[in-house]
Amino acid sequence: MIFAINEINKNPEMLPNVTLGYKIYDNCGAMDILRAALALVSGIEGEVSDDNCTRGETVQAILGHSGSRPTIAFEQVVGRFHIPVISHFATCACLSNRREYPTFFRTIPSDYYQSRALAKLVRLFSWTWIGAIAVDNEYGRKGIAAFIQNAQDNGVCIEYSEFISSSGPLESLQRIITIIKHATSRVIVAFMSHREIKLLATELYRQNITGLQWVGSEAWITDHSLTDSEGHSILEGALGFTVSRAQIPGLEEHLRQLHPSQFPHSQFVRDFWEDVFDCSLNETANTQRKPCSGFESLQNIESTFTDVSELRFSNNVYKSVYAVAHALDNLIKCEDGKGPFASGSCADAKHIEPWQVVKHLSTVNFTTGGGERVYFDNNGDSPARYELINLQLTNKGTMEGVTVGLYDASLPESHQFIMNNIPVNWGNKLSKVVPVSVCSRSCLRGTRKVLQKGRPVCCYDCIPCPAGEISNLSDSVDCMKCPLEYWSNNEKDACIPKAIEFLAYDEILGTLLALFSLLGVYLTMITTIVFYCHKETPLVRANNSELSFLLLFSLTLCFLCSLTFIGRPSEWSCMLRHTAFGITFVLCISCVLGKTIVVLMAFRATLPGRNVMKWFGPAQQRLSVLAFTLIQVLTCLLWLTISPPFPFKNPLLYEDRIILECDLGSAVGFWAVLGYIGLLALLCFLLAFLARKLPDNFNEAKLITFSMLIFCAVWITFIPAYVSSPGKFTVAVEIFAILASSYGLLFCIFFPKCFIILFRPEQNTRKHIMGKTSNSDIRY
C-alpha cells in the first residue's frame, strides 16, 4: 500500500498538486478494528501551513479488512458516514448487498463467483457425490450455502454438509472425522481458512484416513503455512481457486530498501529485522544476539519478504490504492456538465466529501501496468478471474500451488475453464486418472436411471430399457420408443429396421408344407396313371372316367395352388393365390358334385320305366362343371377389378417384427369366394348323403359322402383358426386347409378304387360292381 501511494504521489499525471496520505492500523481483534473504524470517521482537521492546502476531517477511503467477518462489522459503522471501504480479501457474498453495505467495494471476486466456479470445477471432473465442510462463521455459512445451491443446479449431490470451528469443542471435530470416515464420497469441498483446514488435516492424518480429494477456497489453498501442519500430506493434490498472480514493477526494490528507522514503532519490522540478521535492535534487552550495527541491508538477502514472484492478494491491495487514486483524480479533473452528479455537476475539489468518492469509485475503469483491467460492477464487485491451483509437494517437503488452469466468469459458459497442459497431482503422484466420486456409476447406453427411494438424485439404479425402446446416451433418464417400423437392438442403444417375416420356403414350416403339396401332386399323378392304364375296366368306366380325370386334374391344381401361398408376397402372387385357390376348388367340387348327381341318376335309371340319364348325359355334366366354375371365375374377376388383394406390411401384429402378408383388399370378395365353395360342398354332401343307401357293392356315394364330410369339417374349423392365427401362421392354416381337403378328396374317392384295381382285380368286374341291382348293361 505504501509503495502504491508513493508511486502515485510521484506520478505528475495523476492527482497533480495533490499528495495522498495514509494511516495504518495494524492491531488485531474485533474491538481494535472497531476502534480504528471510529477513529477514522471522527478524525480532527489538522493544521497546514499552506493556505491552498486542506485536509478533510475524515478519511476519503478505508482499505481493508482482509477478513469478511471484521469487514461486515465495521462497514456497518462507516457505511452510515458514506465512507468507501475497499477490501482486498473479504469475499463474503453478503457484502454485495448494496442496501446493507452501500459503500463497500473489493478488488477480489465475491464468494458468489467462487462458489459458482467451485461447483463448475466439481462438475468438470464428473464428481457428483461430494461432502462439504465450512468454517462456522458468516464467510463459511454464506459461501458453502452458495456453493451447495450452484452444485445442485449443476447436477451435483451433497452427501453431508458440516461446520467446523478452530475454537470449537473436540467432540465436534471428532464427529466430523467420523462422518468423513464412513462417507462414500471421496471429494470434500472445504470452505474455511488455513486454521480450520490444518486442524482437520492433522486429525485425519493421525487416524490414517487417506484417499480424499480436497477442493479448497481461496482462503487456504495458497496459504504457505499449510506445510507447518502435521498432516499437510493429506492435502496433497488439492484443487482450488485463487486470484491471479501479477507483476508489480519496482515493488522488490522498494521492499529491499526497508529499514527499521522508517518504522520505529512497528513490532513486525523489528521482529523481522532481528530474525533475518540475527541481531538485536534493543541494546538494553537481555538477549544472546549481538547488537545491530545499523548498516544491515536487504539488498542481497533472499527471503519470503522480498520474494515478489507470488503476488496475488498484495496485487489486490495495489489495485485498491489505485482505484481510490483514480476516483479522486476523476473527481478533481471533473468538467461541469460531465460529472456523475445531478445535471452533470462536479464536486468541489477543495471540499471533497466521502460520498462523492463513493460515486466516482463506482465509475472507475482503468488498466494497471501489468495489463489488468480494474472496474466495479453495480454491487461493488470486481471481475471474477481465478487461477486453478493444484497443491503439489516439492522436493523440500513444502506445499507449492501449481497453476493448472484458469477460470474467467466474463467468458461464455463453455469457455470459462481454460486448462493448461500441466499434469494435475491427484493425491500421491502425477496421473491423468481422475479420482471418482459418485453415488452411482454412470448408466450405460441401453439403460435408464431410476432414482433410489429416499436418496438424492445422484443415487440411482440402471434399469435396461424395455423391448422396443432405446437410450443412445449415457445416464439417460428416459428410454425413447423406436419408430413404428423399427425395433431396438440387443444392446437397446439403437433402433434397427424390424425383421420382415413371411412364410418362406427355406424355413421348416414352409418346407414341410411345400413337400406335402408336391407329395399330393405326385400321388394325384400316380392315381391318374393308374386310372388311365385301367380306363377300360368296369370300375373306372362305372365311376365316370371323364369326370374322374377332370377331378384328378383339378386336385393337381389344388395341390399346386398351395405353393403360391409360400414365399415373399408380391402384387401378382397375392392376386394369384386367392383367385387360383377359389377357381380350382370350385372346379374340384363341381366335378365331385357332377359325380354325385351321376350316381343318383344312374341308380334311378335302373328302375323300370325310368330314363333320367338322358337329362344328365356327358354334355350336361360338362356344362354343369363349366357353369359352376364360371360363376366363381366371374366372382374372382369382379373381386380383382374392384379391390384386389395386395402385399401389406403389418407392423401392429408383433412388436418386434413386421409381417408381410397379403391384404384381402375386399373382405367381401374373399368371403364370397369361400362361401361359394362351401355352398357347393354342402350341396354335394347333401346329395351324397341321399345316395348313401345304394347297394353295398356300389360304394361311390359313401365315398363321396365321407370325403365331403372331411372337406366340410376342414373348412368349418378353418374359419376360426384363420381368424385367430397370427402372422404367417394365417397363411399356414390356409395352406393346411387346402392340403387337408385335397388329400381328403383324393384318399376317400380314389384310393379305395386304386386298391381294388391294383390289389383286388377279381372285384373289378361288371358283375361285382352292379351286384344284385340290375343285370342291365348300364354305362355312365
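Which residues in helix 10 meet which residues in helix 11? Before you click, know that this is a predicted model, where local features need pLDDT of at least 70, side-chain atom pairs count only at pLDDT 80 or more, and totals for chains, interfaces and linings use all residues. Residues are numbered from 1 along each chain as its sequence is written, and side-chain values use heavy atoms, leaving out hydrogens and water.

**Stop 1: helices 10 and 11**

Select residues 313–332 for helix 10 and 354–361 for helix 11. (Helices are DSSP runs of H or I with at least four residues, strands are E runs of at least two, and both are numbered from the N terminus.) Here's the answer: Ala323, Val324, Ala327, Leu328, Asn330 and Leu331 of helix 10 meet Gln356, Val357, His360 and Leu361 of helix 11. Contact here means heavy atoms within 4.5 Å. By class, that contact has seven nonpolar, three polar and no charged residues. (Ala, Val, Leu, Ile, Met, Phe, Trp, Tyr, Cys and Pro count as nonpolar; Asp, Glu, Lys and Arg as charged; the others, Gly among them, as polar.) The two helices pack at about 105 degrees with axes 9 Å apart, so they are roughly perpendicular. (Axes are lines fitted to C-alpha atoms, for helices over the stretch in contact, and angles run from 0 to 180 degrees between N-to-C directions; under 35 degrees is roughly parallel, over 145 roughly antiparallel, 65 to 115 roughly perpendicular, and the rest oblique.)

**Stop 2: helices 12 and 19**

Now pick 508–533, helix 12, and 728–759, helix 19. Their angle is about 25 degrees, with axes 10 Å apart, which means helix 12 is roughly parallel to helix 19. The residues of their contact split into 19 nonpolar, four polar and one charged.

**Stop 3: helix 5**

Move to 138–153, the 16 residues of helix 5. Its buried residues include Tyr139, Gly143, Phe147 and Asn150.

**Stop 4: two single residues**

Click Gln207, in the loop between helix 7 (194–206) and strand 7 (213–216). Gln207 is partly exposed, at 30%. Beyond its neighbours within four places in sequence, Gln207 is in contact with Gln174 and Ile177.

Finish at Glu469, in strand 20 (residues 469–470). Glu469 counts as buried because its relative accessibility is 16%. Not counting residues up to four places away in sequence, Glu469 touches Cys479, Met480, Lys481, Ser488 and Lys492.

Conventions
Buried < 20%, exposed > 50% of the residue type's maximum accessible area, 1.4 Å probe, protein only. Expected span 1.5 Å × (residues − 1).
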